[in-house]
Protein chains: 4
Amino acid sequence: MGRTADGAWAETWTPPTYTVDQHGKVVGAVNDRTPNNWGRWGELDERGTVNFITPQMVADAAALVRTGRAISCAIPLDSQGPVHPSRPGLMHFYGYTGADHVAGSVLGRRTRTQATDDYLLMPLQGSTQWDGLAHIGSGDMLYNGFWIGNVQAYDGARRCSVHQLKDRLVGRGVLLDLPGHQGVDRLRPGHGITPEQLDACAQAQGVEIRTGDILLVRTGHVPWFYALKDKSKFWAAGAPGVAMSTVEWFHAREIAALAMDNVAVEVEPFEDASGTSYPVHNRLIRDLGLTLGEIWWLEELAEACAEEDRWEFLLSAAPLNVTNASGSPLNPLAVL
Amino acid sequence: MGRTADGAWAETWTPPTYTVDQHGKVVGAVNDRTPNNWGRWGELDERGTVNFITPQMVADAAALVRTGRAISCAIPLDSQGPVHPSRPGLMHFYGYTGADHVAGSVLGRRTRTQATDDYLLMPLQGSTQWDGLAHIGSGDMLYNGFWIGNVQAYDGARRCSVHQLKDRLVGRGVLLDLPGHQGVDRLRPGHGITPEQLDACAQAQGVEIRTGDILLVRTGHVPWFYALKDKSKFWAAGAPGVAMSTVEWFHAREIAALAMDNVAVEVEPFEDASGTSYPVHNRLIRDLGLTLGEIWWLEELAEACAEEDRWEFLLSAAPLNVTNASGSPLNPLAVL
Amino acid sequence: MGRTADGAWAETWTPPTYTVDQHGKVVGAVNDRTPNNWGRWGELDERGTVNFITPQMVADAAALVRTGRAISCAIPLDSQGPVHPSRPGLMHFYGYTGADHVAGSVLGRRTRTQATDDYLLMPLQGSTQWDGLAHIGSGDMLYNGFWIGNVQAYDGARRCSVHQLKDRLVGRGVLLDLPGHQGVDRLRPGHGITPEQLDACAQAQGVEIRTGDILLVRTGHVPWFYALKDKSKFWAAGAPGVAMSTVEWFHAREIAALAMDNVAVEVEPFEDASGTSYPVHNRLIRDLGLTLGEIWWLEELAEACAEEDRWEFLLSAAPLNVTNASGSPLNPLAVL
Amino acid sequence: MGRTADGAWAETWTPPTYTVDQHGKVVGAVNDRTPNNWGRWGELDERGTVNFITPQMVADAAALVRTGRAISCAIPLDSQGPVHPSRPGLMHFYGYTGADHVAGSVLGRRTRTQATDDYLLMPLQGSTQWDGLAHIGSGDMLYNGFWIGNVQAYDGARRCSVHQLKDRLVGRGVLLDLPGHQGVDRLRPGHGITPEQLDACAQAQGVEIRTGDILLVRTGHVPWFYALKDKSKFWAAGAPGVAMSTVEWFHAREIAALAMDNVAVEVEPFEDASGTSYPVHNRLIRDLGLTLGEIWWLEELAEACAEEDRWEFLLSAAPLNVTNASGSPLNPLAVL
């Protein structure tokens with residue numbers, strides 16, 4: 001229930017020693033982990049690597065469209081998906097149903113139009129989604145040195161909210177189909193994806209990663225969830241995902257965003273001897289300002305890319321415009 | 001609490017006289033209201049007018065992109081928006097916050113990564129949204145004669161769900177800026193939009209409506225909500241919206257979808273002497289199978305179109321992939 | 001997605017052949033299962049066996065109080081309890097927190113009083129609870145022949161709601177501690193509790209069951225849930241609970257309500273060769289009109305009763321006054 | 001988004017200067033507002049004035065029961081109640097309905113028992129309720145000097161939770177019917193209730209307030225809400241409620257809890273020239289440790305007390321056993 005001044009867990013509470021300025025930034029904040037993008041797009045930037053995307057790149061991406069085939073990269077948004085067991089699942093409720101009308105609802109006394117109406121309660125980090133830049137911090141700081149205390153119950157993520165990206169996530173999408181390239185149905189849990197594997201796959205597919213790309217990396221892991229009868233195996237197994245060594249690679253490639261068909265992007269068990277959880281998240285989101293897509297569905301897209309033998313496309317992947325949020329569900333559309 | 005066999009409200013309940021087949025269709029269903037699209041795309045079609053959109057049209061729409069400027073057409077997804085008073089509003093909850101980390105959460109005992117995590121509860125018909133084809137019926141039937149009893153509390157809209165449209169709502173968008181054309185800041189409540197007004201606006205803007213278009217019609221009504229201090233005035237005032245006479249016009253134009261910046265597309269008070277509520281909804285959704293967009297935000301898009309003097313663009317407007325749902329929020333992106 | 005006229009599952013839908021009167025009752029409804037209490041307290045009674053309790057019985061129950069020791073029979077209402085896996089769990093959210101105030105919320109700009117405020121989302125059948133009479137039916141009928149179609153998404157249980165019991169569930173409580181009597185820590189899953197076991201326990205405890213009693217039966221099953229590390233074992237194991245043969249016994253004893261420390265009162269696997277699920281529920285709730293308490297916590301109460309060697313007490317066990325609901329959580333208080 | 005070291009709102013954030021010990025108490029905390037009960041029941045007490053209630057008092061209260069008439073003091077728990085406009089209202093959802101069964105749910109394929117199942121989402125401070133001791137603080141401290149930072153999004157109110165009172169709120173209830181005594185239908189908004197008024201009413205009713213009583217004070221204000229057509233008038237009008245001068249009176253009487261039929265116990269507009277909101281709450285909850293009941297329904301109870309000409313009774317008013325919560329709904333039962 002407490003912490004040391006430095007933020008380590010403790011039974012007692014000692015206040016931090018820093019102060020926070022009127023912009024919500026920790027005064028004197030320095031990020032000594034490299035590489036990082038703090039300050040790269042200004043001291044008050046809350047968007048990170050999506051800044052790489054220029055309107056020209058969007059126009060160029062639109063010019064990639066040939067067949068006009070549109071493919072959704074979203075899993076079904078319902079209670080059967082791979083929501084992390086630490087989060088309650090999605091609930092879909094009806095305010096009034098067609099069955100009500102068959103039974104004769106009082107609603108029908110007021111109108112001869114028979115409407116049905118529904119509600120959704122969902123973890124914003126529990127389906128095909130973007131993890132926004134307010135989702136992960138360390139040392140009490142989010143991306144660019146914004147104070148993590150800006151994220152409150154009362155009014156949400158007052159800094160680095162995913163709604164800042166509402167019109168920034170459309171552009172050139174590139175898919176790297178790792179299992180396809182490696183000739184396996186899926187990468188195995190614990191498989192750490194390295195820069196070498198990514199380069200080899202890109203080369204084999206004949207596609208180049210460029211500044212501003214939204215990079216999709218297929219692992220086949222989420223499809224395994226759906227195939228499994230006993231879902232507890234899925235959560236116990238760990239996951240294939242990017243290794244810590246990819247951080248510099250993603251930084252050097254200047255990608256705008258990264259999305260994958262696993263649950264947490266990075267390889268599990270985690271690659272950090274010190275016991276820090278989600279160490280790659282920490283580096284990518286907090287230090288690079290890289291927005292991460294999780295639980296995407298890349299099966300149809302991979303098949304289509306293979307059929308058309310092209311791995312680049314227009315990707316339209318706006319988050320919902322949720323005010324002051326740490327993440328957002330979405331339905332990403334790839335247009336070939 | 002009951003109904004007559006024909007579906008009218010009653011204190012007692014008498015069962016309907018029809019039966020329903022194994023496809024969920026009312027046996028012998030006939031739609032004698034014209035025009036309608038029942039059967040047009042097959043007896044089991046659940047998607048309606050989005051069927052007008054072909055891959056070639058999508059490719060042509062992508063070719064419209066010039067500047068690469070992307071514009072979101074979504075209002076902020078939060079508790080301050082124009083949710084109809086009959087629905088409880090949107091709630092955004094945090095499972096754990098940055099303020100928790102400042103105070104020293106037990107969550108920090110387990111990990112040095114400081115995460116924040118949030119939840120959203122929302123009416124699916126209460127923000128920038130698509131009304132799917134399961135949202136409206138009459139005579140116990142949805143679009144194409146599907147039985148309204150297919151929409152249940154237990155498993156939602158088993159027919160005509162919005163998830164059927166998950167990859168169908170990208171294509172050529174056309175904006176008709178009615179207040180811009182008429183030289184007013186907004187259309188007044190009660191203003192019924194007619195085919196003549198739509199034609200005149202299109203002609204003045206120099207844009208043609210074509211088969212498969214996603215048509216956006218600006219009224220300026222939702223911006224008025226945000227400008228009003230006393231929101232109750234908004235709900236009491238009625239609304240500008242399309243008149244009953246546009247039904248045939250939309251049908252003849254073969255548009256794929258219609259979206260507007262009011263709350264319920266149609267003019268209010270309703271234009272039906274018999275007291276039927278939402279009579280235009282009823283015709284457009286149930287009879288034409290036309291998916292309707294409501295509470296869109298068209299201010300920036302209208303300005304950009306005026307600046308570039310072009311009113312057509314690539315519109316990427318996929319709903320969320322919500323299983324068996326009557327509607328879905330979305331963040332529509334127009335790319336110019 | 002359909003049913004036969006008689007209510008059996010089918011791919012097609014055929015309407016029922018009955019009608020429903022203005023009171024919400026199936027016309028001509030007859031219950032040929034015996035014993036049953038249909039009509040016993042009038043044709044329109046929605047409360048069932050709680051009608052056994054008279055004010056005099058409540059006064060007599062109050063006179064049982066000697067030491068004034070009050071004992072709660074509720075499990076903690078949080079996400080760690082034995083919510084049936086078919087239901088999403090309980091969620092407790094904060095609208096604003098103390099940590100927000102430490103971080104300096106904008107809420108503090110408006111007031112120097114520092115408030116915290118919370119929300120609960122819960123399955124009404126997922127914690128220490130009463131199953132109301134609208135919870136279970138068969139043959140399209142609830143208790144007393146009320147039509148099950150009265151229970152709708154739009155306005156809930158218009159008949160037999162648990163709120164009808166808002167002031168009826170206080171009276172004489174009697175605890176039968178079966179594992180205590182049998183000298184075991186808990187009854188094993190699959191153990192069917194019979195009239196003989198109940199009688200033997202009552203006799204050994206020296207307590208008599210009387211008309212209007214609220215009977216508590218301890219099994220030790222819910223405590224086993226909390227003790228188990230792997231909760232999936234709990235759900236796979238079945239449960240100890242009352243056997244079908246107790247139905248007549250409960251009826252003859254004229255108890256007002258029955259509450260137990262298992263999840264569904266009755267023994268699991270179910271005792272019905274025909275495959276009907278929850279057959280005892282069906283008989284007790286629908287036919288007798290007996291309100292059932294589930295997931296109660298009887299450990300401290302059993303200890304106290306053993307210490308004081310008396311097994312009767314004042315029990316105050318009002319449900320929440322939830323309008324038109326099928327069940328309600330509660331915090332039952334036994335006062336010795 | 002920030003605060004000064006002393007806790008005043010500011011654009012920047014400066015850490016507090018205190019520390020918190022392993023018990024969650026602010027080190028060196030002193031309450032210089034008098035009267036207060038800090039330390040009265042030990043340095044680690046989290047329950048406050050309910051400690052006044054002894055088992056003997058509970059037994060004595062049970063002995064007050066004569067007629068056995070039980071009266072609920074809860075408003076209907078639904079979306080029509082006086083939830084403060086700053087909170088979203090209560091939502092009652094059905095997971096499966098009787099209407100589903102009439103329409104033929106797939107649920108029916110698995111079982112011939114027809115069940116209905118529901119969910120409730122509610123503000124814990126939005127109906128007939130207890131405000132627990134974690135609900136209100138000032139100067140970063142709750143009752144007894146516990147740190148307000150103990151109340152977090154992640155795990156709720158780790159100190160002073162309402163679940164600490166799960167078996168403490170049964171005892172002697174006394175009703176003071178102020179409008180009845182004053183010969184009016186209800187107290188008017190802005191009417192400040194003083195010690196003199198309380199004394200005069202008690203004397204006229206012939207009832208004495210004693211240590212450990214749960215005191216109910218009727219104003220008639222919540223009934224006015226239900227009678228009003230335009231609910232906005234209710235929220236604009238202010239409220240009758242206890243004046244600041246009652247704090248010492250409640251303290252001297254050593255009551256265990258106070259419950260009223262208004263929304264926030266205290267008179268509105270608030271009686272604090274400095275602009276502090278809810279100043280009486282602040283004194284009663286934080287300084288005295290007095291649990292407050294709000295939005296109770298006292299109409300039937302007042303009538304019954306007048307009929308029987310006795311104003312004392314057994315009151316059974318346990319909160320739900322919500323883990324780590326700031327408040328709880330309840331259904332209080334008075335037994336005469």
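This is a predicted model: local features need pLDDT of at least 70, side-chain atom pairs count only at pLDDT 80 or more; totals for chains, interfaces and linings use all residues.
A residue is called partly exposed when its relative accessible area falls between the buried range, under 20%, and the exposed range, over 50%.

**Aromatic rings**

- Searching the whole structure, over all chains, turns up 61 aromatic pairs.
- In chain B, the ring centres of B:F225 and B:Y226 sit 5.5 Å apart with the planes at 90 degrees, so this pair is edge-to-face.
- B:F225 counts as buried because its relative accessibility is 3%, while B:Y226, at 29%, counts as partly exposed.
- Chain D has a pair of its own: D:F225 and D:Y226 have ring centres 5.5 Å apart and planes at 90 degrees, so they are edge-to-face.
- D:F225 is buried, with 3% relative accessibility.
- Over in chain A, one aromatic cluster is made up of A:W224, A:F225, A:Y226, A:F234, A:W235 and A:W297.

**The nine-stranded sheet in chain A**

- Chain A has an open sheet of nine strands with mixed pairing, in the order 3-19-17-11-13-15-16-7-18.
- Strand 3 (70-72) and strand 18 (327-329) of chain A are the edge strands; each has a single partner strand, so one side of each has no neighbour in the sheet.
- On average, neighbouring strands of this sheet are turned by 25 degrees against each other, ignoring direction.
- Strand 13 (residues 214-218) and strand 15 (residues 257-260) of chain A run parallel and are joined by four bridges.
- Within that pairing, A:I214 stands opposite A:A257 of strand 15.
- Helix 5 (residues 195-205) of chain A lies across strands 11 and 13, and runs at about 100 degrees to strand 11.

**A buried aspartate**

- A:D287 is part of helix 9 (residues 279-288) of chain A.
- With 0% relative accessibility, A:D287 counts as buried.
- Its side chain makes a polar contact with the side chain of A:R33, at 2.9 Å.
- Beyond its neighbours within four places in sequence, A:D287 is in contact with several residues, including A:N31, A:P35, A:W38 and A:Y143.

- Chain D can be superposed on chain B by a rotation of 180 degrees with 0.0 Å of shift along the axis, giving an RMSD of 0.0 Å.
- The two copies are therefore related as by a two-fold rotation axis.
- Both copies use the same surface, as 100% of the contact residues of chain D recur in chain B.
- The residue of chain D that comes closest to the rotation axis is D:P88, at 3.4 Å (C-alpha).

Note on methods. Residues are numbered from 1 along each chain as its sequence is written. Chains are lettered from A and ligands numbered from 1 in the order in which they are written. Side-chain values use heavy atoms; hydrogens and water are left out. Two strands pair if DSSP finds at least two bridges between them. Helices (H or I, at least four residues) and strands (E, at least two) are DSSP runs, numbered from the N terminus. Axes are lines fitted to C-alpha atoms, for helices over the stretch in contact, and angles run from 0 to 180 degrees between N-to-C directions. Contact means heavy atoms within 4.5 Å. Buried means under 20% relative accessible area, exposed over 50%, partly exposed in between (1.4 Å probe, protein chains only). A polar contact is a pair of N or O atoms within 3.5 Å; within protein, one must be able to donate a hydrogen and the other to accept it, and residues adjacent in sequence count only if both atoms are side-chain atoms. Copies are superposed by least squares on the C-alpha atoms of residues with pLDDT of at least 70 in both. Rings of Phe, Tyr and Trp (its six-membered ring) pair if their centres lie within 6.5 Å; planes under 30 degrees apart count as stacked, over 60 as edge-to-face and the rest as tilted.
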